[in-house]
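Please examine the sequence and the structure before reading each solution.

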Amino acid sequence: MTDTERLKKAVGALCNWYRAGHRDLPWRRTPTPYHVWVSEIMLQQTRVQAVLPYYERFMRALPTVQALAEAPEEQLMKLWEGLGYYSRARNLQKAARVVCEQYVGEMPCTREELLALPGIGPYTAGAVASIAGGQVCPAVDGNVLRVLSRLFAREWDIRTQAVKRQAECELSAVIPADCPGDCNQALMELGAMVCLPNGAPLCDSCPVSGLCLAHAAGAEQRFPVRAPKKQRPVEKRVVFLLWKDGRLALRKRPNSGLLAGLWEFPNFLQGEDPEEQLGVQLTDIRPLKRAKHIFTHLEWHMAGFSAQTEDGGLFTWVTPAQLERDIALPSAFRAYRTIALEQRKQ
């Protein structure tokens with residue numbers, strides 16, 4: 001059996017399996033280009049269960065492309081708070097504004113038009129075009145690459161663009177013209193629910209296990225090939241919950257770099273003088289618990305402190321109620337946000 005024949009049989013079996021029963025997800029109930037697009041952007045680097053409440057809340061607040069384009073930045077960031085990778089939200093809005101200007105608010109659904117929008121790459125363009133537009137094109141993400149590497153028992157390094165392009169080319173030749181969206185979603189679903197990334201795949205539940213060369217060799221967990229991970233550098237930081245007259249100090253980060261343009265609690269590298277770094281005199285300094293946050297290429301190990309001041313400094317001062325209701329803080333500060341909201345009751 002050639003690789004093309006194997007893949008064509010697998011795709012047919014997967015489409016039948018997907019139609020027979022798949023996860024009931026809100027963006028699948030109403031697969032408009034806008035709904036599929038927002039869901040796919042949210043799902044980047046984020047698990048489905050974590051995305052569900054965010055998606056529902058986002059759609060209630062911003063039900064159309066026009067609403068997204070016109071949303072104030074603070075509202076958009078608050079809706080995204082906790083999902084991380086905030087550039088995704090900013091690119092969503094940039095793309096929505098382009099759609100309003102160039103397409104009268106109607107989201108395009110061809111791969112070529114989608115690729116021209118800010119923040120949309122080949123995978124997202126393929127997903128929206130096939131699921132919402134019925135276009136025959138692949139949507140290749142990590143789940144799909146893992147499925148294919150096992151199906152063919154190929155020692156692929158799935159992080160490389162060459163492997164991704166090869167997978168896109170091979171899938172393009174076998175995607176059924178009558179159900180390209182089902183085909184792509186079936187591959188995604190198999191990778192997410194059966195052909196798992198960590199631990200043993202659930203081969204007894206797999207509709208294509210009889211076609212899978214890795215399964216035939218009993219070597220499912222050999223694929224895909226994983227290069228050793230580089231150790232992330234660690235930054236030791238000090239975070240202050242700084243209070244003045246019942247209000248908390250916040251400041252915005254620079255418009256470029258890590259967590260660009262987002263609100264944060266005052267913080268600095270460990271070993272620096274607090275009053276010098278904060279620019280205010282401190283009283284009633286109390287230690288808080290330590291916290292850690294892992295970014296893609298960096299770790300923050302944080303020591304927290306609470307303190308009072310009578311100086312204004314170069315900060316924006318907000319009430320705990322404003323912090324909870326209006327201000328979007330990155331997940332890196334989640335532990336200290338929780339403490340701040342608890343302290344207001346004391």
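In the second largest cavity, the greatest contribution to the lining comes from α1, with 4 residues. The model used throughout is a predicted one.

**Exercise 1.** Describe the second largest cavity by its volume, its lining residues and their classes.

*Solution.* 
Step 1. The volume of the second largest cavity is about 40 Å³.
Step 2. The lining consists of Leu 7, Ala 10, Val 11, Leu 14, Val 147, Leu 151, Leu 187 and Val 208.
Step 3. At least two residues of this lining are supplied by each of α1 (3-20) and α10.
Step 4. Sorted by class, the lining of the second largest cavity comprises 8 nonpolar residues, no polar and no charged ones.

**Exercise 2.** State how many cavities of 30 Å³ or more are counted, and characterise the largest cavity.

*Solution.* 
Step 1. The count is 3 cavities of 30 Å³ or more.
Step 2. The largest cavity holds about 110 Å³ of space.
Step 3. Its lining has 15 residues, and those nearest the centre are Arg 150, Cys 195, Cys 203, Cys 206 and Cys 212.
Step 4. With 3 residues, helix α10 (residues 142-151) gives the most to the lining of the largest cavity.
Step 5. The classes in the lining of the largest cavity are 11 nonpolar, 2 polar and 2 charged residues.

**Exercise 3.** Determine the volume of the second largest pocket and identify the parts of the chain that line this pocket.

*Solution.* 
Step 1. The second largest pocket contains about 630 Å³ of space.
Step 2. There are 29 lining residues in the second largest pocket, and Gly 84, Tyr 85, Tyr 86, Leu 259 and Phe 295 are the closest to its centre.
Step 3. Two or more lining residues come from each of the elements α4 (48-61), α7 (87-102) and β6 (291-294).
Step 4. Division by class gives 14 nonpolar, 12 polar and 3 charged residues for the lining of the second largest pocket.

**Exercise 4.** Locate Gln 45 and decide: is Gln 45 buried or exposed?

*Solution.* 
Step 1. Gln 45 is situated in the loop between α3 (33-43) and α4.
Step 2. A residue is called exposed when its relative accessible area is over 50%.
Step 3. The relative accessibility of Gln 45 is 66%, and therefore Gln 45 counts as exposed.
Step 4. From C-alpha to C-alpha, Gln 45 and Glu 342 are 30 Å apart in space, while in sequence they are 297 residues apart.

Methods. Residues are numbered from 1 along each chain as its sequence is written. This is a predicted model: local features need pLDDT of at least 70, side-chain atom pairs count only at pLDDT 80 or more; totals for chains, interfaces and linings use all residues. Side-chain values use heavy atoms; hydrogens and water are left out. On a 1 Å grid over the protein atoms alone, a cavity is a set of points where a 1.4 Å probe fits but cannot get out, and a pocket is an open set with protein on both sides within 12 Å along at least five of seven lines; lining residues have an atom within 4 Å of a point. Grid points are joined across faces, edges and corners, and a volume is the space filled by probe spheres set on the points. Ala, Val, Leu, Ile, Met, Phe, Trp, Tyr, Cys and Pro count as nonpolar, Asp, Glu, Lys and Arg as charged, and the others, Gly among them, as polar. Buried means under 20% relative accessible area, exposed over 50%, partly exposed in between (1.4 Å probe, protein chains only).
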